[in-house]
Amino acid sequence: MKKAYLFFAEGFEEVEALTVVDLLRRGRVDCITVSVSGDYDVTGSHGITIRADRLFDEKDLNDADMLILPGGMPGTNNLKAHAGLDKLIRQYDADGKYLAAVCAAPTVYGEKGLLDGKNATCYPGMEEGLKGANHKTDPVVQDGQYITSRGMGTCIDFGLKLLEILENADISQAIGKAVVYYDK
């Protein structure tokens, strides 16, 4: 079974996070939510508190196929400030594992210099944080191990793309149909 970790930080965008978790779990990906706040209960940018599956420091997190960062403010800035997550991201980058982010969160990778020369997208107005990247405006952009998306409105596309990458196109298509995203 494929595994992904999705990170909650205080002020994360709730819909971006939960849409992706839901779609991946429907597709039989072990998508585990991880709090970087030191508490299982993490409050998103719209005042919705969600309980994470685990805390960042509870277990080694090097065993997944993908790391996923939802956007939102100040959630994105809180992800950027977490030293342990920085180290983990750099390890996944070095290992060639998938790194995904949506909305403002692609700037976490951009500001670390990890998107240099790569195609990427982000929330409109946050492009400056995609340092060295070739900015695109597609809903979802994949360049090698990096998958980026624009915002809450692109999260079904984003989640289904992640499912396609981790499982396959048939499963992604079937889940898209099951949630009535694809009509045919």
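**View 1. The side-chain contact between serine 149 and threonine 154.** In this predicted model, the side chain of serine 149 makes a polar contact with the side chain of threonine 154, at a distance of 2.6 Å. Serine 149 belongs to strand β11, which spans residues 146–149, and its relative accessible area of 0% places it among the buried residues. Leaving out residues up to four places away in sequence, the residues that serine 149 touches include Ala101, Val102 and Cys103, together with Pro106, Thr121, Cys122, Pro139, Val140 and Phe158. Across the strand pairing, valine 102 is the residue that stands opposite serine 149 in β11.

View 2. Seven strands form an open sheet with mixed pairing, and their order is β5-β2-β1-β6-β7-β11-β10. The edge strands, each of which pairs on one side only, are β5 (54–55) and β10 (140–143). Helix α3 (residues 83–95) packs on this sheet, where it touches β1, β6 (66–69), β7 (98–102) and β11, and the direction of α3 makes about 135° with that of β6. Strand β1 (residues 3–8) pairs with strand β2 (residues 30–35) in the parallel sense, over six bridges, and in this pairing phenylalanine 8 stands opposite serine 35 in β2.

**View 3. Strand β7 and the two strands that flank it.** Strand β7 is largely enclosed by the rest of the structure, because four of its five residues are buried. With β6 it runs parallel, the two strands being joined by four bridges, and leucine 67 stands opposite leucine 99 in β7. The pairing of β7 with β11 is likewise in the parallel sense, over four bridges, with valine 102 opposite serine 149 in β11. In a regular strand the side chains alternate between the two faces of the sheet.

View 4. A search of the whole structure finds four aromatic pairs. In one of them, the rings of tyrosine 109 and tyrosine 146 have centres 5.4 Å apart and planes at 70°, so the pair is edge-to-face. This pair links distant parts of the chain, since tyrosine 109 lies in helix α4 (residues 106–110) and tyrosine 146 in strand β11, 37 residues apart. Tyrosine 109 is buried at 0% relative accessibility, and tyrosine 146 is buried at 1%. The rings of tyrosine 181 and tyrosine 182 have their centres 5.2 Å apart and their planes at 65°, so this pair, too, is edge-to-face. Here, however, tyrosine 181 is partly exposed, with a relative accessible area of 35%, and tyrosine 182 is partly exposed at 28%.

**View 5. Helix α6, its buried face and its two ends.** Within helix α6 (residues 169–178), the buried residues are Ser172, Ile175 and Gly176. Seen down the helix axis, the buried residues of α6 fall within an arc of 105°, so they line one face of the helix. These buried residues pack against α1 (14–26) and α5 (155–166), whereas the face of α6 turned away from the buried side carries the exposed residues Asp170 and Ala178. At the start of α6, a side-chain oxygen of asparagine 168 reaches to within 3.0 Å of the backbone nitrogen of aspartate 170. The helix is followed by valine 180, whose phi is positive, near 60°.

**View 6. Threonine 19 in helix α1.** Threonine 19 is found in helix α1, and its side chain reaches the backbone oxygen of valine 15 at 2.7 Å. Its relative accessible area is 19%, and threonine 19 therefore counts as buried, the cut-off being under 20%. Apart from its neighbours within four places in sequence, threonine 19 is in contact with Cys155 and Ile156.

**View 7. Asparagine 77 and alanine 9.** Asparagine 77, which lies in helix α2 (residues 75–81), counts as partly exposed at 38% relative accessibility. Although asparagine 77 and alanine 9 are 68 residues apart in sequence, the distance between them in space is 8.8 Å, C-alpha to C-alpha.

Notes:
Residues numbered from 1 in each chain as written. Predicted model: local features only at pLDDT ≥ 70, side-chain atom pairs only at ≥ 80, totals over all residues. Heavy atoms only, no water. Buried < 20%, exposed > 50% of the residue type's maximum accessible area, 1.4 Å probe, protein only. Arc of directions from axis to C-beta. Contact = heavy atoms within 4.5 Å. Polar contact = N/O pair within 3.5 Å; in protein donor to acceptor, adjacent residues only side chain to side chain. Pairing = 2+ DSSP bridges. Axes fitted to C-alpha atoms, helices over the stretch in contact; angles between N-to-C directions. Phe/Tyr/Trp six-rings, centres within 6.5 Å; stacked < 30°, edge-to-face > 60°.
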